[in-house]
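Open the model in your viewer and follow the stops below. Each one says what to select and what is there.

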Amino acid sequence: MARSPDKAADVAAAASPEAPEPLTLERFLPYRLNVLATTVSNALARVYAERFGLTIPQWRVLATLGQYERSTARDIAAHTVMHKSTVSRAVSALAERGLLERQPNAADMREEMLALTGQGRGIYEALVPEARAFERALAAALSAQEEALLFTLIERLDARMRALAPDLDLDGSGG
């Protein structure tokens, strides 16, 4: 398609009656989900940042290891939907602070198994009640039935998104 050398004509064509309705971000689901996720994540971050000096990626690594005991950085990246380089930096920072330990992975010597140290487990156990209290305060805006429905809808949207973009590189692994 040839491009018009007259930029004014292009602008006029874009503003023609055939132009689509403006996108109202406040009614655009991807935008609203992103804003809500960012707001919730940043508010929760205050809890663990102020008390333990953790970043959002560090908290997610710590929480994943608290839940699963041992994991690889690759599996943490997939679980938390963070890029592998973000996970790698968080793992390094947590290891430097003595909050997690690295051990060779007997099944694949190219990667390490990660686990919380006693100090890391202590921080995780101190944060769990605060994270749950934060979740309760947030969910207080919903009835029990609405909260259950919300989780069902989130799972449905997640499955739909993965079906719409099955090749999406969610963990930054390149594949």
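**Stop one: a helix pair**

Select helix 2 (residues 29–52) and helix 6 (residues 118–139): their axes come within 11 Å and cross at roughly 150°. Helix 2 is therefore roughly antiparallel to helix 6, a label for angles over 145 degrees. Axes are lines fitted to C-alpha atoms, for helices over the stretch in contact, with angles from 0 to 180 degrees between N-to-C directions. Helices are DSSP runs (H or I, at least four residues) and strands are E runs of at least two, numbered from the N terminus. The crossing is right-handed.

This is a predicted model: local features need pLDDT of at least 70, side-chain atom pairs count only at pLDDT 80 or more, and totals for chains, interfaces and linings use all residues. Residues are numbered from 1 along each chain as its sequence is written, and side-chain values use heavy atoms, without hydrogens and water.

Now show the contact residues (heavy atoms within 4.5 Å). Helix 2 gives Val40, Ala43, Leu44, Val47, Tyr48, Arg51 and Phe52. Helix 6 gives Ile123, Ala126, Leu127, Glu130, Ala131, Phe134 and Leu138.

**Stop two: leucine 54**

Select leucine 54. Beyond neighbours within four places in sequence, leucine 54 contacts Tyr48, Ala49, Trp59, Leu62, Leu94, Arg97, Leu99, Ile123 and Leu127.

**Stop three: serine 85**

Go to serine 85, in helix 5. Serine 85 counts as partly exposed because its relative accessibility is 31%; that class lies between buried (under 20%) and exposed (over 50%), using a 1.4 Å probe and protein chains only. Last, pick alanine 73: 12 residues from serine 85 in sequence, 9.5 Å away C-alpha to C-alpha.

How values were computed
Parallel < 35°, antiparallel > 145°, perpendicular 65-115°, else oblique. Left-handed = near helix turned anticlockwise from the far one by under 90°.
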